[in-house]
Structures are given as C-alpha cells and as structure tokens.
Amino acid sequence: MMPVDARVLRLPGMRRVRQFVRAVTEHVTAADRRHVKAVLPEKAWPLFAAMHPADQCHVLHVERTAEEMADEASLTREERALLARCALLHDVGRVKGDLNVVGKVFAVLMMHGLPSWGKRMACAEAHHLWQRPGHALYVYCHHPAIGAARLRGIGMEEEASIIEQHHEPPGLLDTPVLRILKAADEQN
C-alpha cells in the first residue's frame with residue numbers, strides 16, 4: 001500500500017476524514033481510563049462513561065492538544081486543571097445511542113451541505129426508528145447546551161459555562177480556557 005503524504009492529511013476537509021478514521025479504529029485504553037479518573041472528579045465519571053467510545057477518544061485527543069496549547073499560553077495551574085476537565089467533558093451532551101459514528105457523519109453532511117433541511121429535520125425525541133436521523137441532527141446541533149445542563153446537574157457550573165460556548169464563534173470576551181478549548185476541538 002502506498003503511504004499517504006502527511007501534507008494531504010492537512011488539506012481542508014481532511015480533518016473530517018481523520019476524525020472518521022479515528023472513530024472507527026481507536027479505542028480507549030486502560031491507561032486512558034486511569035488518566036480520566038485522575039483528572040475528573042468522581043461525580044463526572046458517569047458522564048464520561050456515557051459518551052460513545054468514539055467521542056471518548058475524541059475528547060482525549062482534544063485534551064492532549066489543549067495541554068500543548070496551554071504550554072504556550074501561560075495559564076495558571078487552576079486554569080490548566082479547568083481546561084483539562086473541560087476538554088474531557090466538552091462532548092458529554094452526546095451519549096451512546098443518541099449519536100453514533102454513522103449518525104455523526106449524517107449530521108455533519110446535512111448541517112454543512114443542507115443546513116436548512118437539517119434544522120427542519122432535527123427533533124429532540126426519537127420515539128420511532130424514522131425519527132433517529134432527526135434526533136441525531138438535534139443532538140449534533142445542541143450537544144453543548146445538553147452537556148452544560150448535565151454538568152450543572154452535578155454541580156460543575158464553571159465547566160458548564162465554558163462547555164456551553166465551545167461551538168460558538170471565537171469572541172473577544174472568550175477566556176483563555178475557552179479560546180484554547182475551541183482551538184483544540186477544531187484541530188481534532
């Protein structure tokens with residue numbers, strides 16, 4: 001098999017291809033689980049565990065990227081700890097069964113290719129099989145708010161306020177933690 005030139009993987013659109021390949025090939029290791037348990041408070045472990053395994057791998061990549069970015073940003077120890085928690089929890093609004101790999105591919109294609117149709121199809125509940133694509137679209141679009149609500153439910157208000165904004169365009173009032181989380185998520 002011919003090796004892929006690393007420059008090809010940096011082309012626009014290839015980020016999504018790389019995400020897909022990671023989603024179907026990677027898995028969370030025992031060392032990853034130990035790391036998550038060391039970083040997150042015990043009350044957050046069930047939220048992490050409820051995510052689809054592909055999302056668990058994704059958030060671990062985001063956390064590693066965010067750590068590298070934090071090295072250059074002169075964050076305090078408290079800000080670095082907050083950033084690590086936010087990176088590991090930023091997709092807790094997507095749980096196993098709501099948005100799997102196929103559902104995410106569908107949602108990305110719809111929301112980037114036919115956004116007005118995607119918004120019309122989105123539905124918060126999926127009581128029937130034919131509603132599942134609409135539910136996947138809803139979760140894809142609203143997972144920051146869903147995740148923030150789950151975090152507020154366990155008393156993690158500071159993380160919730162950051163995660164709720166992680167898909168909004170960069171803003172002048174973004175904290176360094178939010179700015180790094182957005183950039184790290186975008187790279188992964």
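Colleague: Where is the place of Met110?
Modeller: This is a predicted model. In it, Met110 has its place in helix H6.

Colleague: Is Met110 buried or exposed?
Modeller: Its relative accessible area is 11%. The cut-off for buried is under 20%. Met110 is therefore buried.

Colleague: Which residues does Met110 touch, leaving out those up to four places away in sequence?
Modeller: Contact here means heavy atoms within 4.5 Å. By that rule, Met110 touches Pro115, Trp117, Gly118, Met121 and Leu137.

Colleague: What separates the C-alpha atoms of Met110 and Leu137?
Modeller: Along the chain, the two residues are 27 residues apart. Between their C-alpha atoms, the separation is 8.1 Å.

Colleague: At what angle do H6 and H8 pack?
Modeller: H6 covers residues 101–113, and H8 covers residues 132–153. Their axes are 9 Å apart, and the angle is about 75°. Angles of 65 to 115 degrees count as roughly perpendicular, so H6 is roughly perpendicular to H8.

Colleague: Which residues in H8 meet H6?
Modeller: From H6 come Gly103, Lys104, Phe106, Ala107, Val108, Met110, Met111 and His112. In H8 they meet Pro133, Ala136, Leu137, Tyr140 and Cys141.

Colleague: How many nonpolar residues does the contact of H6 with H8 have?
Modeller: Two residues in this contact are polar and one is charged. The nonpolar count is 10.

Colleague: Which residue lies over the face of Trp45?
Modeller: The distance to the ring centre is 4.6 Å. The residue over the face of Trp45 is Lys37.

Technical notes. Residues numbered from 1 in each chain as written. Predicted model: local features only at pLDDT ≥ 70, side-chain atom pairs only at ≥ 80, totals over all residues. Heavy atoms only, no water. Axes fitted to C-alpha atoms, helices over the stretch in contact; angles between N-to-C directions. Helix = DSSP H or I, 4+ residues; strand = E, 2+ residues; numbered from the N terminus. Parallel < 35°, antiparallel > 145°, perpendicular 65-115°, else oblique. Nonpolar A, V, L, I, M, F, W, Y, C, P; charged D, E, K, R; others polar. Lys NZ or Arg CZ within 6 Å of the ring centre and 35° of its normal. Buried < 20%, exposed > 50% of the residue type's maximum accessible area, 1.4 Å probe, protein only.
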